[in-house]
Amino acid sequence: MRFSNWATAATGSSAAFPVAIVMIMVWLVTGPVFHYSDTWQLIINTETTIVTFLMVFLIRKSQNKDSKAVQLKLNELLASHEGKGNRTVNIEDLTEAELDHLYKFYIRLSDPAEKDADLTKTHSIDAAEENQKTKSSRRGAAIKPAKQ
């Protein structure tokens with residue numbers, strides 16, 4: 001685990017690119033020495049294949065760690081926000097079908113909320129629809145002329 005953390009940091013550092021350039025330059029300079037043989041070409045092909053293979057795993061490890069950290073931060077924000085629901089804490093554990101279902105729910109929630117000036121007032125589809133009805137009835141009452 002420590003080695004992969006070190007390798008991730010090292011390959012993502014500013015020094016990694018110049019080191020790769022130096023390695024390629026050394027390979028190029030040795031070309032005439034080995035008469036540009038098949039073995040000479042095979043060396044760079046093998047090295048780049050191995051490095052690419054290992055980098056896939058390092059990149060994925062780094063992405064998983066970053067994703068987990070972001071999810072934890074979002075969960076903390078959701079859990080600590082007073083007056084808001086905790087339904088989406090640990091949402092990343094849902095199946096793809098469950099996420100699609102929840103996505104459709106929030107699309108429905110956003111439809112009436114798009115008509116509101118303050119998008120943070122509603123927490124459910126019912127509340128959003130009720131809020132919109134209340135606002136519409138108030139606007140209608142304000143527009144109607146007073147009875148004489």
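These legends accompany close-up views of a predicted model.

**View 1. Helices α1 and α3 pack at an angle of about 100°.** Helix α1 covers residues 2-11, and helix α3 covers residues 38-80. Their axes lie 10 Å apart. The two helices are therefore roughly perpendicular to each other, since angles of 65 to 115 degrees fall in that class. From α1, the contact draws on Ser4, Asn5, Ala7, Thr8 and Thr11. From α3, Met55, Leu58, Lys61 and Ser62 take part. By residue class, the contact of α1 with α3 holds three nonpolar, five polar and one charged.

**View 2. His35 and Tyr36 sit in the loop between α2 and α3.** Helix α2 spans 16-29. Most residues other than glycine have a negative phi. His35 is not a glycine, yet its phi is positive, at about 55°. Tyr36 is not a glycine either, and its phi is positive at about 50°. Tyr36 has a relative accessible area of 47% and is partly exposed, because the exposed class begins over 50%.

**View 3. Trp27 and Trp40 form a stacked aromatic pair.** A pair of aromatic rings is described by the distance of the centres and the angle of the planes. Here the ring centres are 4.0 Å apart and the planes meet at 5°, so the pair is stacked. Planes under 30 degrees apart count as stacked. The pair links distant parts of the chain. Trp27 belongs to helix α2, Trp40 belongs to helix α3, and they are 13 residues apart. Trp27 is buried at 18% relative accessibility. Trp40 is buried too, with a relative accessible area of 7%. Which residues make up the cluster linked by ring pairs? Trp27, Tyr36 and Trp40 do.

View 4. Phe53 counts as exposed at 53% relative accessibility. Phe57 counts as exposed at 52%. The model holds four aromatic pairs, counted by ring-centre distance.

Notes. Residues are numbered from 1 along each chain as its sequence is written. This is a predicted model: local features need pLDDT of at least 70, side-chain atom pairs count only at pLDDT 80 or more; totals for chains, interfaces and linings use all residues. Side-chain values use heavy atoms; hydrogens and water are left out. Axes are lines fitted to C-alpha atoms, for helices over the stretch in contact, and angles run from 0 to 180 degrees between N-to-C directions. Helices (H or I, at least four residues) and strands (E, at least two) are DSSP runs, numbered from the N terminus. Angles under 35 degrees count as roughly parallel, over 145 as roughly antiparallel, 65 to 115 as roughly perpendicular and the rest as oblique. Contact means heavy atoms within 4.5 Å. Ala, Val, Leu, Ile, Met, Phe, Trp, Tyr, Cys and Pro count as nonpolar, Asp, Glu, Lys and Arg as charged, and the others, Gly among them, as polar. Buried means under 20% relative accessible area, exposed over 50%, partly exposed in between (1.4 Å probe, protein chains only). Rings of Phe, Tyr and Trp (its six-membered ring) pair if their centres lie within 6.5 Å; planes under 30 degrees apart count as stacked, over 60 as edge-to-face and the rest as tilted.
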